[in-house]
Amino acid sequence: LALSPDGRALIYRGRGDDGFDRVYVRFLDSTDPRPLPGTEAPQSLIWSPDSRFLAFGFRTQLKKVDILGGPPLALCEVRYPVGSGTWSEGTILFGGRGNGALHRVAAAGGSATPVTAEAGGFSSFPQFLPDNRHFVYYRSGPVAGIFVGSLDAKPEAQTKEPVVTSGAEA
């Protein structure tokens, strides 16, 4: 369940009468949720900053869909199943589901590029900070914790010291 940035809609993963899981949107001025076609088996729902689009993982693809209708558009493909993410000013930052580095991709689509190094474990659960260049994220190893990263740093130059050691995301 995720509330849109403008506070006007909720999105959630739900099971339809046909037995398939998909994304549903419910505008808060309505009592009826609406399924978004083409969003079957979604992972990791990510709102756009303008509350108009939703990005979601489908296996190893990141896709986006207009919440008012239309088919989903594949943005990129990565080696691991797509995990949680965050979206700011034309950039989507996302991790893997139990594997891999954080990646970034333009909101219009293109090649996903690593933002963190694959240093054992995985990186995921990113959240942009107010400057839209820095972010916090969880890394599972070799020291598990919450880290601060920057879009301006190369993957191997991201900080090696956690802000706090933790077994859970920020």
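Is Arg-133 buried, exposed or partly exposed? Arg-133 is partly exposed, with a relative accessible area of 32%. Keep in mind as you look around that this is a predicted model. A search of the whole structure turns up seven salt bridges, and here is a friendly tour of some of them.

**Arg-133 and its partner**
- Arg-133 pairs with Asp-152 in a salt bridge, and their closest N and O atoms are 2.5 Å apart.
- Asp-152 sits in the loop between strand 15 (145-150) and strand 16 (164-165), while Arg-133 sits in the loop between strand 13 (123-128) and strand 14 (134-139), so this pair ties together parts that are 19 residues apart in sequence.
- Asp-152 is exposed, at a relative accessible area of 56%.

- Asp-21 counts as buried, with 17% relative accessibility, whereas Arg-13 counts as partly exposed at 46%.

**Asp-66 and Arg-52**
- A salt bridge also links Asp-66 with Arg-52, with 3.2 Å between the closest N and O atoms.
- Asp-66 belongs to strand 7 (residues 61-66) and Arg-52 to the loop between strand 5 (43-47) and strand 6 (53-58), so the two tie together parts that are 14 residues apart in sequence.
- Asp-66 counts as buried because its relative accessibility is 15%, under the 20% cut-off.
- Arg-52 is partly exposed, with a relative accessible area of 43%.

Note on methods: Residues numbered from 1 in each chain as written. Predicted model: local features only at pLDDT ≥ 70, side-chain atom pairs only at ≥ 80, totals over all residues. Heavy atoms only, no water. Salt bridge = Lys/Arg side-chain N within 4 Å of Asp/Glu carboxyl O. Buried < 20%, exposed > 50% of the residue type's maximum accessible area, 1.4 Å probe, protein only. Helix = DSSP H or I, 4+ residues; strand = E, 2+ residues; numbered from the N terminus.
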